[in-house]
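This report describes the fold of one protein chain and then turns to selected residues within it.

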Amino acid sequence: MRLSEEALDYILSFVSGFQPEDTGKTGFRVGYTARREDFGNYDLVIVPSGFFESEHYGEKASVPVSLLPRIGDLPFLYGSSRVERVGETLVLHADFVASAFFWISRYEELCQTALRDSHGRFLARWSVLQANGLLERPVVDEYGKFIRACLRETGRKVAEPEARIRKLWLTHDVDAPFYCQSLRSLARESLKGGGPVRAWSLYRRKPVSDPYYTFDYFFEQDAAARKGCKFPVEVLYFFKAGGHSRFDNPVYNLNDKKIRDLMEAVGKEARIGLHGSYSSGRTGDAGKEKRRLEKAAGRFLSGKPVSLFRQHFLRSCEPESFRPLPEAGITDDFTMGYADRAGFRLGTCRPVRWIDPATGKLSGLTLHPLTVMDNTLFQPTYMGLDFEQAKACCVRLFREICRHGGEACLLWHNTNVTTGPYPRPEHPWVRDLYTALLAYLMEGQEDREPGNEV
Ligand SMILES: [Zn+2]
């Protein structure tokens with residue numbers, strides 16, 4: 001596989017720790033070459049390990065199975081830990097380009113299509129990150145720290161990015177906006193739920209009094225976070241706009257007055273994105289769904305097209321799921337977290353452009369790492385944590401994000417923050433946790449070292 005020149009330039013800039021818009025201001029030149037006669041053109045050279053040209057490229061055989069090599073505590077996937085000085089140039093034989101590419105492009109998922117759960121998802125439990133205890137470490141960002149430290153040692157003046165959370169995304173997937181507001185849910189509740197009397201009383205309620213209508217709680221919390229956090233906070237709601245799988249249920253009609261009222265309320269507080277249907281990653285229907293959402297939500301979009309996306313069930317893994325998105329005018333994806341574990345699926349906490357691992361081309365799609373989804377924390381088949389454990393896990397991740405100047409992204413569902421009494425919330429603390437995490441971020445504690453807390 002030949003990595004395009006544009007993709008290589010992008011990775012070199014990204015792995016050095018700078019966003020593309022900073023390129024040229026880094027003050028140092030990084031090269032990716034094995035030609036010793038060219039070393040003098042650069043301040044730092046990463047020597048290619050042969051990963052991209054390997055005959056096993058794209059095959060399972062190219063995914064490391066044993067423990068990873070390290071320089072000190074810094075793990076990488078390809079190359080060796082040798083560091084040498086050639087003239088004025090620092091030469092690293094650890095292939096940080098291939099290693100970063102492996103994670104940010106989701107290469108390992110392309111190579112192991114047999115590893116999928118019942119929803120067709122690649123889970124953390126099969127990942128190289130989890131096998132090496134690295135899920136809570138943004139290793140690609142650590143490469144940048146290491147590269148910059150190396151350069152400083154040779155006397156170059158290289159600044160560190162500011163240690164702070166650059167941005168917080170508060171996101172909500174509108175899977176089921178209402179508990180019992182349709183004839184279908186009335187029938188379900190009568191037959192399988194609390195019986196016909198209870199079903200009828202729920203059905204007759206105003207939509208804003210429906211048990212799943214917890215949006216006012218989100219509006220209030222998210223507005224407080226926007227006001228109280230010292231970094232930018234953006235709020236996103238992802239609406240579904242189609243789907244024929246039983247996992248797309250409940251299907252709601254975007255032109256229904258209840259949904260339009262909800263979109264209007266959301267439009268005042270937040271941005272609306274597309275929650276791609278269960279099968280949209282396979283069928284390439286994202287474009288069709290996006291047009292449907294734009295048509296229905298038009299006046300709540302402030303005249304802008306829908307450009308934000310998250311796949312229902314976090315199903316995206318293969319290049320085939322990502323490829324149609326930029327073609328459909330989607331610029332930003334928020335799917336990239338593991339369903340079964342919180343952590344850094346992309347090996348980074350910074351937004352990163354997707355590189356197609358099958359073609360080596362840089363795409364127009366930016367992937368925003370999903371830090372944590374509510375279900376991941378509490379579901380027994382996932383992490384199965386309690387309040388304190390879940391909070392500690394999120395705080396650890398926030399600290400890493402702060403250390404590397406990355407973005408935090410939370411996904412909380414309206415159906416997980418209900419207050420009862422009926423239906424009784426399965427884990428009432430999920431609501432308290434959201435409140436507690438936002439309070440924590442507003443207090444700005446994430447940049448303090450553990451142990452210094454009062
Ligand atoms: Zn969903």
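Buried residues account for 58% of the 454 residues in the chain, where buried means under 20% relative accessible area, exposed over 50%, and partly exposed in between (1.4 Å probe, protein chains only). The model is predicted: local features need pLDDT of at least 70 and side-chain atom pairs count only at pLDDT 80 or more, while totals for chains, interfaces and linings use all residues. Residues are numbered from 1 along each chain as its sequence is written, and side-chain values use heavy atoms, with hydrogens and water left out.

The chain contains 16 helices and 15 strands; these are DSSP runs numbered from the N terminus, helices being H or I of at least four residues and strands E of at least two. Its radius of gyration is 23 Å, close to the 22 Å from the globule rule for 454 residues, so the chain is as compact as a globular protein of that length. That radius is taken over C-alpha atoms, and the rule is 2.2 Å times the number of residues to the power 0.38. The C-alpha trace spans about 80 × 50 × 45 Å along its principal axes. Of the contacts (heavy atoms within 4.5 Å) between residues at least 6 apart in sequence, 72% join residues at least 24 apart.

Helix 1 (residues 5–15) has several buried residues, among them Tyr10, Leu12 and Phe14. The buried residues of helix 1 pack against elements that include helix 5 (139–153) and strand 13 (362–367). Just after helix 1, Gly17 takes a positive phi of about 105°.

Two residues with side-chain polar contacts are set out below. A polar contact is a pair of N or O atoms within 3.5 Å; within protein, one must be able to donate a hydrogen and the other to accept it, and residues adjacent in sequence count only if both atoms are side-chain atoms.

| Residue | Side-chain partner | Polar contact |
|---|---|---|
| Thr435 | Tyr217 | 2.7 Å |
| Asn416 | Asn375 | 3.0 Å |

Thr435 is found in helix 16 (residues 429–443) and is partly exposed, with a relative accessible area of 31%. Leaving aside neighbours within four places in sequence, Thr435 is in contact with Tyr217 and Gln221. The C-alpha atoms of Thr435 and Phe218 are separated by 9.5 Å, although these residues are 217 apart along the chain.

Asn416 lies in the loop between strand 15 (407–411) and helix 16. Asn416 counts as buried at 17% relative accessibility. Not counting residues up to four places away in sequence, Asn416 touches residues including Asp374, Phe378 and Arg431.
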